[in-house]
Amino acid sequence: MPRIDMTRRTALYRLFDTEGRLLYVGITFNPDNRWAEHATSKSWWPDVTEKRIEWHESRTDAAAAEVAVIAAELPLYNKQDSPQPFEGVTTKEGTKPSRIVRIDDDTWEDYGKLCAEKGLARAADVRMYIKSEIRAYQQRQRSES
């Protein structure tokens with residue numbers, strides 16, 4: 001996976017429905033590409049009628065702003081960094097999150113900062129770690145057989 005340039009200018013975007021409800025907040029280098037991804041995977045995408053962008057000088061700045069916006073404005077469909085994460089189905093495939101892990105607030109906040117510096121969402125970082133542990137385990141199993 002290529003390293004993300006944390007110093008690159010980054011957009012923080014907000015997506016709203018016709019009633020002005022904040023549906024989702026995200027960050028990206030390329031809003032049009034990111035929205036195309038949402039359009040293919042998120043069941044709520046057809047509800048989006050307004051998009052607002054604010055540009056930040058770095059991905060680090062945008063990531064910090066994203067966490068603050070999610071906490072303050074409580075978008076309906078954000079899960080990560082949300083004090084009230086949406087528990088419903090958000091993918092077109094009709095899937096729900098498979099596992100819920102409880103982590104104390106201070107640890108979660110510090111981990112969020114660490115991941116933001118790496119340019120990763122916490123969920124992506126956890127998945128990568130788990131997959132690397134599984135690969136190492138499988139290699140040990142093969143070498144023992």
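## Surface and core of a predicted model

In this predicted model, Asp104, Asp105, Asp106 and Asp110 together form a negative surface patch. One of these residues, Asp110, belongs to helix α3, which spans residues 105-118. Asp110 has a relative accessibility of 48% and therefore counts as partly exposed, since that class lies between the limits of 20% and 50%.

The protein chain as a whole contains four helices and three strands. Read from the N terminus, its elements follow the order β-β-α-β-α-α-α. Of the 145 residues in the protein chain, 33% are buried.

What makes up the largest nonpolar core? Eleven residues take part: Leu12, Phe16, Leu22, Val25, Ile27, Ala62, Ala63, Ala65, Val69, Ile70 and Ala116. At least two residues of this core come from each of β1 (10-16), β2 (22-28) and α2 (59-73). The greatest contribution is that of α2, with five residues. As a general background, nonpolar side chains tend to be buried together in soluble globular proteins.

A further residue of interest is Leu74, located in the loop between α2 and α3. The phi angle of Leu74 is near 50 degrees, a positive value in a residue other than glycine. In general, most residues other than glycine have a negative phi. Is Leu74 buried, partly exposed or exposed? With a relative accessible area of 36%, Leu74 is partly exposed.

The table sets out the two accessibility values discussed above.

| Residue | Relative accessible area | Class |
|---|---|---|
| Asp110 | 48% | partly exposed |
| Leu74 | 36% | partly exposed |

Note on methods:
Residues are numbered from 1 along each chain as its sequence is written. This is a predicted model: local features need pLDDT of at least 70, side-chain atom pairs count only at pLDDT 80 or more; totals for chains, interfaces and linings use all residues. Side-chain values use heavy atoms; hydrogens and water are left out. Patches are made of residues with over 30% relative accessible area and no salt bridge: like charges are joined within 9 Å, nonpolar side chains (Val, Leu, Ile, Met, Phe, Trp, Tyr) within 5 Å. Accessible areas come from the Shrake-Rupley method with a 1.4 Å probe; for residues, only the protein chains shown count as cover. A salt bridge is a side-chain nitrogen of Lys or Arg within 4 Å of a carboxyl oxygen of Asp or Glu. Lys and Arg count as positive and Asp and Glu as negative; His and the chain ends are not counted. The place of a charge is taken as NZ of Lys, CZ of Arg, CG of Asp or CD of Glu. Buried means under 20% relative accessible area, exposed over 50%, partly exposed in between (1.4 Å probe, protein chains only). A nonpolar core is a set of buried Ala, Val, Leu, Ile, Met, Phe, Trp, Tyr and Cys residues joined through side-chain atoms within 4.5 Å.
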